[in-house]
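User: I'd like to learn how to read salt bridges and helices in a structure like this one. Could you take me through some cases?

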Number of protein chains: 2
Amino acid sequence: MEKLKEYVSLKDEDHFYHQGAVELLIFNFLLILTILTIWLFKNHRFRFLHETGGAMLYGLVMGLIIRYVTKSPDVESGTVYECEKLKSGPSTLLINITNQVYEYQYKREISHHNVNGHQGNTMLQKMTFDPSIFFNILLPPIIFHAGYSLKKRHFFRNLGSILTYAFLGTAISCIVIGLIMYGFVKAMVHIGQLKQWEFHFTDCLFFGSLMSATDPVTVLAIFHELNVDTDLYTLLFGESVLNDAVAIVLTHSISIYSPKENPNAFDAAAFFQSVGNFLGIFAGSFAMGSSYAVVTALISFMHLTKFTKLCEFPMLETGLFFLLSWSAFLSAEAAGLTGIVAVLFCGVTQAHYTYNNLSADSKMRTKQLFEFMNFLAENVIFCYMGLALFTFQNHIFNPLFIFGALVAVFVARASNIYPLSFLLNLGRKQKIPRTFQHMMMFSGLRGAIAFALAIRDTDSQPKQMMFTTALLVVFFTVWVCGGGTTPMLTWLQIRVGVDPDEDLKARAGSQSEPNLDKNTTKAESAWLFRIWYGFDHKYLKPLLTHAGPPLTSTLPEWCNPVARILTSPRAYGDQLKDGDTVYIINNDELTENYESSAHIVGPAQDSTASTQATGKEDIQEGDLGLGGYKLQLQHTAGQPQNSLA
Amino acid sequence: MEKLKEYVSLKDEDHFYHQGAVELLIFNFLLILTILTIWLFKNHRFRFLHETGGAMLYGLVMGLIIRYVTKSPDVESGTVYECEKLKSGPSTLLINITNQVYEYQYKREISHHNVNGHQGNTMLQKMTFDPSIFFNILLPPIIFHAGYSLKKRHFFRNLGSILTYAFLGTAISCIVIGLIMYGFVKAMVHIGQLKQWEFHFTDCLFFGSLMSATDPVTVLAIFHELNVDTDLYTLLFGESVLNDAVAIVLTHSISIYSPKENPNAFDAAAFFQSVGNFLGIFAGSFAMGSSYAVVTALISFMHLTKFTKLCEFPMLETGLFFLLSWSAFLSAEAAGLTGIVAVLFCGVTQAHYTYNNLSADSKMRTKQLFEFMNFLAENVIFCYMGLALFTFQNHIFNPLFIFGALVAVFVARASNIYPLSFLLNLGRKQKIPRTFQHMMMFSGLRGAIAFALAIRDTDSQPKQMMFTTALLVVFFTVWVCGGGTTPMLTWLQIRVGVDPDEDLKARAGSQSEPNLDKNTTKAESAWLFRIWYGFDHKYLKPLLTHAGPPLTSTLPEWCNPVARILTSPRAYGDQLKDGDTVYIINNDELTENYESSAHIVGPAQDSTASTQATGKEDIQEGDLGLGGYKLQLQHTAGQPQNSLA
């Protein structure tokens, strides 16, 4: 007995020592292979297979090996035990087996039909990791990095179009995919491949919403490498960033849409509740993300007051920045909102306010840290996607459904891009050319978000079919569309080798010539931005950064005592210091925006005048900004290269 | 039914959405608090509470809140279910509860007496995370960073003493603690607090080995801030780094020591098997870590050959460096060796070879990345230690045992430091002064490693008592000894404000004066290092870095074809390039070592001569090295400030 016990504890400890090490090692190995491959490809300027495609391929091969080479069938698994005493599934279960108590932790609920799938080997089970790891650990850095590296100037110039594609386009895409899939499902029911009650229209819409999240990371990496036209790049990048957020919230809203009676009939009340949910969750997540960013900005801003100087400890600064940004995500999740949306807007706001308050060292540290985390997380996800094809145990391959999904995805992309571009071109003076539309159509890749949304729920048979299909659509689009980007660019004769800075200057120059009136493009949204920029410049910037006029001059006189406390001492006199690039983006942006709006609409000139009235240093500041901007932009431009390329 | 099902899936999804987010958020919150506190302390130059002490304190408070404020007792937990059909614990258990199948994952085996401890609330259970996370994710960056930031020159000057303290000292400490605890256990048995059969002498030794891992992170941080005498710093740092490795392997060896008959009787065969295990595991882990580092060096070295240039992609370089270092850890774990030892020597070897091959950008990136990871991991562990006091459910507080442990830890430290210092001083010409010995005695803090080793196994009652005791010893030493460091330094009148570079130069200068013969300190180990440095300089450096003489001149003539391929083109002619600081550490180190050995022993001069014979550029290289070295050293010196302070 003594002997046996010792043997057991020895075995147990052994189990303990290797726990997780092998699985992590497999991922490390795949990532190392991927990095070596990228290195090779970069050397040979080989652009047909992007690193993410490579990671996926290696994952696939490894999955194949794990599935068919390692065979250690666990005889016990696959057997369902009855337990009459239990009434619900507790989070921890203690079981007495041959006089030894074992602790089991709740993992998930599984349907009866999935039980057979569990007869596989333990290695496969171990390689299938918890979807919550995706959402809590792998996705946040990717999304944050996207928000953080958003090129604000180009983004805002095309904001109207980007918002249209992201919100309206995603909704269209979702509905079109849903309808087409419903048609296919009906056909499948007709030929007896599926039972009627298994697949509701809401399930189809759910599939539509998750398949609407585009992830053109491959395309954007190539775009950046080739310096493709900045407007096209911005449109695609902006659309894909916002579109992820929209698709995630949409999926969540649809999943909680619960009509009272017949799930197939349209229930207006439930529908409006879902719309309300969508808006509520989106707004709430936006607020959560922005407020965390504002808190970070406030803390990092404090470093100029006499009390303390956080910027002297770049490690602490970086740590705080990192932790607060991640907290934005986690708080939103904990509050039942969407963490991804929160962390996206947190990133955008951090880039706008906090980044300017950071010390030079911290700026680089945070940038490199998020770049690195983004790089790792992205490749882990793509490796895992490859692995999942063979290691996930409950795949349901239905050729008709897969074919339907491929058709639906392309039709939906087409009915998103072309009609919306047509509508946008009615308003835009600087049209979105046909070639751009074709390229955007072609760049509708599906990636990490679609996969993560699909893997979140793989309990019922329809959901498993959706997961399998989503995975295959990701494979297809990443390899085929991703690989075809360079030939497509050549074929469509889209200009490459554009310097984004020069491009912008050329446009700014052409704006002052009266015969070229491209300016109305911006006029459409000018009124909204005048208000926002005025508010931002007058109140938020001085409150959260060292830029802008002192609050004492912008706030009403009776607020002076408060204003004096809140304004950075730098805002008063330090503005003329040269080499001070801290608040350059802000003022330059402002200058550019006021400039452009001043040329177009009347009332804008008033606000320009009022800005100038705040003090002469403001103009000089603008000059300084324009001079220093190149540096800043090159900095920003250099960013996505490392992250996406 | 339909309704219910939907409700269930809704509830399930809700469960899903927040899974892990709240727990992670709590840690984030604690870390943010810690960072803000450090910031405050740094401003007020407050050195009585180090960040790790602060993190622990916040963890403690949070644990208290979680335990007594959140009350959601799970009625189901704590009940043990019988299962006659099962013969052993499968890794996954499927259970049918009211017609719904739930999947449960094997967590651990628990003793019968622990079952009651599980009647706590679910929040507590969630906050108690898997010890494998410590070992696979949190510890590696800390240990790697320690190895990576080891100041090699100072380390090698004191290597003999450091090795003595680390190996012999840890063994002494382990045995002394084991013996004292065995005495206390006997006393407890005598007064009826414990049953004889529960606690063997091997258990006491196990406790002794885990309590022998010192972690003077607090002390070293203060030392660095105050620039305490470099020799004292190096002795403590070197000892603690190696001592962790020794303690871990020792704990492992003792845990698998299984005498054949009476567990209390001494079994020579089993003892020697344990010693063999110790040596085998140590050597194996060392080999594993070093070989990964060599592979990394080879890959990063390849960037000078015409084929490819990895240094042009600093992100890939950093990624590869990070992944290969982590793989060293994981491979060792997967092979049944000790990952911590592997990653430590991987770090040392990376710093020696790979670091020099990295691009300037990658050098900074890797340094900052590991610094940051070290900072986060360290604070997470200390937060968790604070939390564990209240959230861990099976504490066994035994005042006598705790008192015994405190006594044992201090007696063991004393019988480690004082006798060994006495013996070392017999051999050393440059004695270790009494004040240093007192300071080293006082700096015997226990920290992350002791905690991690104790939490690894908390299944039996003795192990739980050990865990509780280890935790309290950590609290006591971190707060009392950590807080008392500055007063102690003042009291012992140990010199502060020493520039490590100047210090070394002063010593080097004094060496050339014949009347001061401190040199014999190094003479003891000179013969070993002459061989090693000769080999390293002639074969390894040229093979793995751009430094050293070309292989064609060091290898026998018949190896020339191979040598020509393997030697970096830089090794032939590029060595005179100015501003090229890549291979500076190596040559300077070499110069210093040859210099010092040349002054002492006869045969060393031969090897110096042979080095010079390889070509004149070698001497110039040395000069260049000496000029550039200052910069390098300041760089290295700046490193621990951020990581430890």
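User: Which residue forms a salt bridge with R456(A), and how far apart are the closest N and O atoms?

Analyst: Start with the general idea: side chains of opposite charge can pair when their charged atoms come close. Keep in mind that this model is predicted. Here R456(A) pairs with E333(A), and their closest N and O atoms are 3.7 Å apart.

User: What is the picture for R456(B) and E333(B) in chain B?

Analyst: R456(B) forms a salt bridge with E333(B), with the closest N and O atoms 3.7 Å apart. R456(B) lies in the loop between α17 (448-455) and α18 (461-483) of chain B and E333(B) in helix α12 (residues 314-334), so here too the pair ties together parts 123 residues apart in sequence. R456(B) is buried at a relative accessible area of 10%, and E333(B) is buried at 2%. Elsewhere, salt bridges that share partners join D361(A), R365(A) and E371(B) into one network.

User: How should I read the salt bridge between R365(A) and D361(A)?

Analyst: The general idea is helix geometry: an α-helix has 3.6 residues a turn, so residues three or four places apart point the same way. In this structure R365(A) and D361(A) are 4 residues apart in helix α14 (residues 360-391) of chain A, about one helical turn. Their side chains meet at 3.6 Å, N to O. As for cover, R365(A) is buried, with 7% relative accessible area, whereas D361(A) is partly exposed at 29%. Over all chains, the count comes to 8 salt bridges.

User: Now a whole helix: is α10(A) mostly covered or exposed?

Analyst: Mostly covered: 25 of the 26 residues in α10(A) are buried. To read its length, compare the span with what is expected at 1.5 Å a residue. Helix α10 (residues 230-255) of chain A reaches 37 Å from its first C-alpha to its last, close to the expected 38 Å.

Terms used: Residues numbered from 1 in each chain as written. Chains lettered and ligands numbered in written order. Predicted model: local features only at pLDDT ≥ 70, side-chain atom pairs only at ≥ 80, totals over all residues. Heavy atoms only, no water. Helix = DSSP H or I, 4+ residues; strand = E, 2+ residues; numbered from the N terminus. Expected span 1.5 Å × (residues − 1). Buried < 20%, exposed > 50% of the residue type's maximum accessible area, 1.4 Å probe, protein only. Salt bridge = Lys/Arg side-chain N within 4 Å of Asp/Glu carboxyl O.
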